[in-house]
Amino acid sequence: MARNYVRFLALILAISICSEAAIFRPISDSHRSAALDLFKPIDGSFSSLEETYEALRTFEVLGIGNKLDISASTCRSVVEVLGSSSSNLKDLFYALKNQGILKCAIKEEILKGVSSKLEAAVNGASSLPDFYYSVGGLVLIKDQTPEVNVLLDDAEGVFRSIKALSQSDGRWRYSSNNPESSTYAAGMAFEALAGVISLAPSEIDQSVVATVKNDVVKLFDSIEKYDDGSLYFDEKTVDAHEYQGPIFVTSSVIRGVTAFAAVVSGSLKLPGDNMVSIPLIVSLPATVLSLTQKDQLKVSVSSVLGSDAPPLTVKLVQASSSSSKGASIIENQELKFDGDSSFHVLDALPDSVDIGKYLFTFEVVLYDSENEKVYTTGGKTQVPIFITGFVKIDSPEIAILDSDLGSIETQKKLDLAGENSVALSANHLQKLRLSFQLSTPTGKAFKPLQVIIKLRHESNVEHIFLMGNSGKQFEIILDFLGLVEKFYYLSGRYDIELTVGDSVMENSLLNALGHIELDLPEPPEKAARPPAQPIDPHSRYGPKAEISHIFRAPERRPPKELSLGFLGLTLVPLIGFLVGLLTLGVNLKNFPSSAVPATFAALFHLGIGAVLLLYVLFWLKLDLFTTLKAVGLLGIFLMFVGHRVLSHLASTSS
């Protein structure tokens, strides 16, 4: 999937086959972000050198090469592959591709060894992929390391071996044993043949080269066209070898044709209107211009990747307003080129340009006619432009009118650019009038997309009215007698809010004007009731208000002496108990002497002591429930051991 995307990217960004031009935009940060999301190494590296090269080359083309730090791991893989005697041709090819980008530290002896291996592979190759990877690898070594002497002694023989795999329709076979032909293979063949020519010690037989040129022409006879006029190549059979789709196939053909055309003498005469050209893109840094700030119209012309264009002129062919039924306000005006900013600039907009939406038509003209063979301008480019400005608001006022005579009872001036807090009152026999004037910076009448007045009752019932205009004058008159049913006969306070807005109006406003107290008649028995207002989910499900609890102030404590006296009284029963024991002559004469009964007797007395200790702990720290649980367990224990002791004493007495 990544391979398809990269080659698709390489095709649309580098070159284009054009017969009719579409409107594109240069590469932006969104494209770079998409590339970073698409190519993400796992544990600091990609799965193969091929995928690594596709990522590095894409980042290099998009200008984001420093965003991915895989140089160290990739160079280790490159050195390992180039230094291994068991590496296959494809791995060697992509190792050299990565080396061309990363400039890894590789000894010259290693490259010489790789060169010898690739030369042997060329001489023994029998399939198109073997020719492609071996010849391509030799070309890379020649370009990267001039110190290594790379030549094909039998270049013409290799050229003819590759040519032997061609078909009559311009397509190529992958091998002599495979009768299936492929358009994608044709691109590989052209690129390999270009490499053979560049590695040849002497000139290749021009008659053989001419037959390959003829193959290119034949291949272009099979080119296809989309509905928008874009041309593309595709395989004739869907089960072709490694079929990946038209973008993949087209990129292979264009890469091969451009490489072949760069090394042969003369030009390739493609049929019809087909031509391989670099598209020049007309783009604007801003499509919204402010009359208030006197913004300049700036136009940039570059390649799809954003590189500089050749010397050219940008003409503003026509600018027409969408509100003037196509009437042209600017015609055939040449933009000045600013070398510092690399923009073609229109110094000032004509006085006839007012705020609004316009359609600007640009045309690019190349200075040098030779550049027309390399670049395509795509004809005329239309760009929608918004001209914004400050709209002047005059004579804003609000008034209460008598319904019968129309005389003004109350009238107040408004400041729509500031704050207003008018307070009005009216009954159902009166009217409310709001009026103001709007004009553009050139003094013409202006009609915004939205001019709305809103009345909101204190119960949150809202009523919205659209304001009409006559020229510059905007006015609305609300006759409350005819609106009592719409207002649901709700008397009380209504807040007044005005909205004036448009995409070209720099001072759009949403202002609260004040309020009006309405005195409406009582509703009839069958009058419509106001609709239920939606409940704010935040008020229902949002956080509740914090509950603050104030504890009762503690009671006043008694004096210290009283507390100590009460403590003494509580100890009186304990003292009486001890005195009673002494009076009765309590002793240990009946304590069992045998081992087992003595053990139960000791446990019984320890249990009694534990109960007393539990009472003390209850007094100091334990709560009632914990104490009751402990007493229950100790009670069961005391019943068991006490029963055994009493049984022993009873048997002894008998």
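At what angle do the axes of helix H4 (residues 71–83) and helix H5 (residues 89–102) cross? Select both helices in this predicted model. The crossing angle is roughly 140°, and the axes come within 9 Å. H4 is therefore oblique to H5, since only angles over 145 degrees count as roughly antiparallel. The crossing of H4 and H5 is left-handed.

**The H4–H5 contact**

Show side chains next. On H4, pick Ser-71, Thr-74, Cys-75, Val-78, Val-81 and Leu-82. On H5, pick Asp-91, Leu-92, Ala-95, Leu-96, Asn-98, Gln-99 and Leu-102. These residues make the contact. Eight of them are nonpolar, four polar and one charged.

**An aromatic pair**

Now move to Trp-172 and Phe-190. Their ring centres are 5.3 Å apart. The ring planes stand at 75°, so the pair is edge-to-face; the cut-off for that class is over 60 degrees. Trp-172 lies in strand S2 (residues 172–175), and Phe-190 in helix H9 (residues 183–199). The pair therefore ties together parts that are 18 residues apart in sequence. In total, the count comes to 19 aromatic pairs.

**Confidence**

Finish by colouring by pLDDT. The mean over the protein is 86, and 93% of its residues reach 70 or more. Among the elements, strand S24 (residues 492–501) has the highest mean pLDDT, 96. Strand S1 (residues 16–17) has the lowest, 38. Select residues 1–24: pLDDT is below 50 over this stretch. Beyond near neighbours in sequence, residues 1–24 have 60 contacts in the model. Where pLDDT is low, the predicted coordinates should not be read in detail.

Conventions
Residues are numbered from 1 along each chain as its sequence is written. This is a predicted model: local features need pLDDT of at least 70, side-chain atom pairs count only at pLDDT 80 or more; totals for chains, interfaces and linings use all residues. Side-chain values use heavy atoms; hydrogens and water are left out. pLDDT is the predictor's confidence in each residue, from 0 to 100. Helices (H or I, at least four residues) and strands (E, at least two) are DSSP runs, numbered from the N terminus. Contact means heavy atoms within 4.5 Å. Axes are lines fitted to C-alpha atoms, for helices over the stretch in contact, and angles run from 0 to 180 degrees between N-to-C directions. Angles under 35 degrees count as roughly parallel, over 145 as roughly antiparallel, 65 to 115 as roughly perpendicular and the rest as oblique. A crossing is left-handed if the near helix is turned anticlockwise from the far one by less than a right angle, and right-handed if clockwise. Ala, Val, Leu, Ile, Met, Phe, Trp, Tyr, Cys and Pro count as nonpolar, Asp, Glu, Lys and Arg as charged, and the others, Gly among them, as polar. Rings of Phe, Tyr and Trp (its six-membered ring) pair if their centres lie within 6.5 Å; planes under 30 degrees apart count as stacked, over 60 as edge-to-face and the rest as tilted.
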